[in-house]
Amino acid sequence: MTRELEGLTFCITTFGCQMNKHDSERIVGLLESLGCIPVEGPEDADIVIFMTCCVRESADTRLFGHVMSLKNAPSRNDAKAERRIIAIGGCIGQRDGEKLIEDMPHVSVVFGTNTIPLLPQLLAEALHGEQAVAVQEESSTSATGLPAHREQRWAAWLPITVGCDNFCTYCIVPHVRGREKSRPLDDVAEEARRLVAEGVREITLLGQNVNSYGRDLYGEPRFASMLDAIAGTGVTRLRFATSHPKDLIPQVIERFATLPSLMPALHLPVQSGSDRILAAMNRKYARDHYLSLIDELRRARPDIALSTDVIVGFPGETEEDFQDTLSLIDEVGYHQVFTFIYSKREGTPAAAYPDEVPHGVAQDRFARLLSVIEKRAWEANQADAGATVDVLFEGASKKDPSMASGRTPKNQTVHVPVSSSEEAHALAGSIRPIRILEAKTWYLKGEAAR
Ligand code: SAH
Ligand code: SF4
Ligand code: F3S
């Protein structure tokens with residue numbers, strides 16, 4: 001049935017986190033294996049796929065706008081526009097299912113986070129003029145077994161768990177991604193070995209909370225063993241995201257000291273610096289514990305670059321609570337902080353909490369937080385001014401094609417002048433020593449070290 005898809009063109013627009021981006025890579029791999037042809041924009045596409053995110057309200061409204069505008073979008077070929085299949089997947093697909101088709105009748109396929117392998121069949125049904133929806137809660141088949149078409153040939157994301165068991169009170173993710181499920185260690189290691197043999201130099205292990213990896217399979221977390229196994233493949237750079245502080249154990253911290261390929265960078269979401277708010281968020285750790293983890297990490301790897309997520313304006317957050325967040329951010333000195341204004345998500349416990357913080361107050365806190373974040377991020381980057389660091393190049397800079405861009409071990413972006421964009425492309429995937437000439441707040445500037 002799915003042979004009918006051969007020769008059709010498709011494009012995917014992806015919102016949300018790396019998990020969604022990786023799911024999109026698997027979809028590209030799957031559709032290409034059936035003879036479909038990827039194209040840049042919707043005007044040339046027979047199939048337009050949206051991989052959606054609903055972690056905050058802004059993402060929801062954006063999708064609606066995108067899909068509605070496509071209804072009247074120009075096409076190079078009117079007959080093609082008539083036949084165009086619009087498919088919605090990802091987390092909104094999972095959450096809303098059938099309702100999406102009721103609200104937007106020109107959508108013909110809805111799939112969820114567990115039903116990616118069914119996509120070819122759903123698309124084939126749509127070709128026959130049917131509307132097809134598949135959003136089972138539990139997956140019998142997993143997308144992790146599908147071949148992925150990687151965005152960059154030298155870097156790969158590797159999911160080790162799907163779903164989340166934590167139920168932070170503000171968060172929709174466990175409701176749309178389901179319970180945490182780990183992939184067997186040997187399967188992941190096998191895939192990593194294959195990737196390394198294909199020339200992949202950087203692997204990022206993915207999960208909503210990688211630290212609890214293996215608890216469902218082995219009765220206890222096995223993340224430290226996972227790190228050992230992946231490092232054992234000989235990959236040059238190893239990273240992982242995301243870590244829940246409550247499950248970050250000494251054995252994992254120790255790996256930052258003992259595994260040379262484990263890069264000195266860690267994203268450790270704190271969400272708030274106030275114990276009262278952390279408890280209301282069901283985060284299951286206190287400020288002091290979080291700060292003690294930071295101390296241990298810096299003891300294991302003194303140059304480790306830290307990043308975090310913060311939510312401002314959680315229900316009941318007082319000025320005093322917010323001051324606790326400000327002081328924590330100042331104390332840690334992060335390289336990067338992702339800041340979000342609390343967004344109420346229907347179906348989560350916090351949606352029913354009293355004492356909502358007025359939007360103006362949250363915006364004001366957000367702005368005050370940003371100025372501390374920027375000051376500390378600028379300071380953190382100064383440590384590398386004048387140093388020579390290994391940069392893994394990614395290609396031409398998006399903003400300035402006369403620059404090649406890449407990443408340091410600490411995951412900072414580095415721009416290096418090149419003579420042409422061809423030179424920048426030729427550098428992509430290689431690791432070169434670069435002398436850092438200037439350290440800005442969000443990036444570094446350098447030149448080839450002699
Ligand atoms: N599993 C990861 C990522 C979760 S989503 C983790 O636990 O860190 C990424 C970030 O979005 C979260 O860390 C949180 O800061 C933010 N976020 C999640 N739900 C939110 C909400 N309802 N409002 C505002 N920010 C939210
Ligand atoms: Fe959401 Fe918390 Fe799970 Fe992260 S750990 S996905 S914030 S419930
Ligand atoms: Fe968004 Fe789903 Fe990721 S809600 S943040 S795409 S898990």
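**Close-up 1. One face of helix α8 is buried.** In α8, L185, V188, A189, E191, A192 and L195 are buried (buried is under 20% relative accessible area, exposed over 50%, partly exposed in between, with a 1.4 Å probe and protein chains only). Down the axis of α8 these buried residues fall within an arc of 160 degrees, so they line one face of the helix; the arc is that of the directions from the helix axis to the C-beta atoms. An α-helix has 3.6 residues a turn, so residues three or four places apart point the same way. D186 and A197, on the other side of α8, are exposed. The model is predicted: local features need pLDDT of at least 70 and side-chain atom pairs pLDDT 80 or more, while totals for chains, interfaces and linings use all residues. Residues are numbered from 1 along each chain as its sequence is written, chains are lettered from A and ligands numbered from 1 in the order in which they are written, and side-chain values use heavy atoms, without hydrogens and water.

**Close-up 2. Span and surroundings of α8.** Helix α8 covers residues 185-197. Helices (H or I, at least four residues) and strands (E, at least two) are DSSP runs, numbered from the N terminus. The 13 residues of α8 reach 18 Å from first C-alpha to last, close to the 18 Å expected at 1.5 Å a residue (1.5 Å times one less than the number of residues). The cover over its buried residues includes α1 (18-33), β7 (155-159), β10 (202-206), α9 (215-218) and α10. Contact means heavy atoms within 4.5 Å. Just after α8, G199 has a positive phi of about 105 degrees.

Close-up 3. L195 counts as buried because its relative accessibility is 7%. Leaving out residues up to four places away in sequence, L195 touches R150, A156, L158, V200 and I203. S405 is 210 residues from L195 in sequence and 23 Å away, C-alpha to C-alpha.

**Close-up 4. The largest nonpolar core.** A nonpolar core is a set of buried Ala, Val, Leu, Ile, Met, Phe, Trp, Tyr and Cys residues joined through side-chain atoms within 4.5 Å. The largest has 51 residues, of which I203, L205, F223 and F240 touch the most other members. Helix α10 (residues 223-231) gives the largest share of this core, six residues. A second, separate core of 23 residues includes F10, M51, I116 and L119.

**Close-up 5. The shells of ligands 2 and 3.** Ligand 2 is surrounded by C164, N166, F167, C168, Y170, C171, V173, P174, Q208, H244 and R283 (a residue is near if one of its heavy atoms lies within 4 Å). Around ligand 3 are G16, C17, N20, C53, C54, V55, C91, R177 and Q208.

**Close-up 6. Helix α14 and its buried face.** The 14 residues of α14 (residues 319-332) reach 20 Å from first C-alpha to last, close to the 20 Å expected. Buried here are D321, F322, T325, L326, L328, I329 and V332. They fall within an arc of 160 degrees seen down the axis of α14, so they line one face of the helix. Their cover includes α12, α13, β13 (305-312), β14 (336-341) and α15 (359-382). G333 follows α14 with a positive phi, near 70 degrees.
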